[in-house]
Amino acid sequence: MKALALKGVAAVSALSFVAASALADENANLVVNGEIDMTIRAPAPDHMENMSEVMSGWLFRSSETQALQLDDFENPGMIWVDDAREVFASESGSGGESCASCHDSPEALAGVRAVYPKWDEEHGEVQSLEMQINECVTERMGGEPWKYTGGTMVNMTALLASVSRGMAVNVAIDGPAQSTWEMGRDLYYTRTGQLELSCANCHEDNYGNMIRADHLSQGQINGFPVYRLKNAKLNAVHSRFKGCVRDTRAQTYSPGSPEFIALELYVASRGNGLSVEGPSVRN
């Protein structure tokens, strides 16, 4: 146990955690377009034993980055949302149908983003929103599945998130989804890689601190897909998971894998009560 503890200390030291104030502006509020009021602080869900409050990652950004999310004309992620609207209305696949053939408009799907991942009775598994989209593409439209973290898929999930903005995340973790949720919880707290770090080491034990030049948030995913200033594009949540696992110097899982589906369900449930924000803007 002593050796493990020493390794953990060394890992934290290697990543250069530096104490900092918890938030850039503790009184900040997020209201998009002057009309969509976001819940960016909420009581922690009952299943979280170590935290009393959950907070959006928006609170941990600089005021300049925060401002980009206040107006859709300033939010660079909305460019790809507009692209997805065109795809939504375009016929594709052997069936000659579009998303609009069933759903009329993206706004008809308001609220969908807030409840995914969710248990799918027909397939007997927890499905992510990407899995549900590909089910529509292949089984209803007769098309080829979209790449899980490819541009078309990320754009479409951003569109569906955008029409749900302001709605509370409400991911179910009981019933048949519980075993998948428990798997995700175990992954969240398991140390991995040469640095022997878990998700919790950064996003539960050290949120509010600096890791090198970055301000650690709680790792909430209610804002995904995220436009990152780092790579100037929309990023899927499984891409971010992959990057985090890689940063612990561990062999990572693939986007859409059972492990990442389980982790997404668990992490999404940690944000129950926060608003859907996607596409959000982060570093």
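Student: Which backbone nitrogen does the side chain of Ser56 reach?

Tutor: In this predicted model, the side chain of Ser56 comes to 3.0 Å from the backbone nitrogen of Trp58. Residues are numbered from 1 along each chain as its sequence is written, and side-chain values use heavy atoms, with hydrogens and water left out. Because the model is predicted, local features need pLDDT of at least 70 and side-chain atom pairs count only at pLDDT 80 or more, while totals for chains, interfaces and linings use all residues.

Student: What makes the approach of Ser56 to the side chain of Glu277 a polar contact?

Tutor: The value is 2.5 Å. A polar contact is a pair of N or O atoms within 3.5 Å; within protein, one must be able to donate a hydrogen and the other to accept it, and residues adjacent in sequence count only if both atoms are side-chain atoms. The pair of Ser56 and Glu277 is listed as such a contact.

Student: Where does Ser56 sit, and why is Ser56 called buried?

Tutor: Ser56 belongs to the loop between strand 5 (53-55) and helix 2 (63-68); helices (H or I, at least four residues) and strands (E, at least two) are DSSP runs numbered from the N terminus. Its relative accessible area is 0%, so Ser56 is buried (buried is under 20%, exposed over 50%, partly exposed in between, with a 1.4 Å probe and protein chains only). Beyond its neighbours within four places in sequence, Ser56 is in contact (heavy atoms within 4.5 Å) with Ile40, Asn222, Leu274, Glu277 and Arg282.

Student: How do you know that helix 3 and helix 6 are roughly perpendicular?

Tutor: Helix 3 (residues 78-89) and helix 6 (residues 151-162) pack at about 100 degrees, their axes 8 Å apart. The axes are lines fitted to C-alpha atoms over the stretch in contact, and angles run from 0 to 180 degrees between N-to-C directions. Angles of 65 to 115 degrees count as roughly perpendicular, under 35 as roughly parallel, over 145 as roughly antiparallel and the rest as oblique, and therefore this pair is roughly perpendicular. Among the residues that meet are Trp80 and Phe88 in helix 3, and Met156 and Leu159 in helix 6.

Student: Which residues touch the most other members of the largest nonpolar core?

Tutor: They are Tyr188, Ile221, Phe241, Leu263, Leu265 and Val267, out of 24 residues. Such a core is a set of buried Ala, Val, Leu, Ile, Met, Phe, Trp, Tyr and Cys residues joined through side-chain atoms within 4.5 Å. Helix 7 (178-189), helix 9 (237-247) and helix 10 (258-270) each give two or more residues to this core, and helix 10 gives the most, with seven.

Student: Why is Asn33 called partly exposed, and why is Arg249 called exposed?

Tutor: Asn33 has 30% relative accessibility, so Asn33 counts as partly exposed. Arg249 has 53%, so Arg249 counts as exposed. Asn33, in the loop between strand 2 (31-32) and strand 3 (36-37), has a positive phi of about 55 degrees although it is not a glycine. Arg249, in the loop between helix 9 and helix 10, has a positive phi near 65 degrees.

Student: What is omega for the cis peptide bond that joins Gly278 and Pro279?

Tutor: Omega is about -5 degrees there, and Pro279 lies in the loop between helix 10 and strand 12 (280-282). The bond from Tyr116 to Pro117 is cis too, with omega near 0 degrees.
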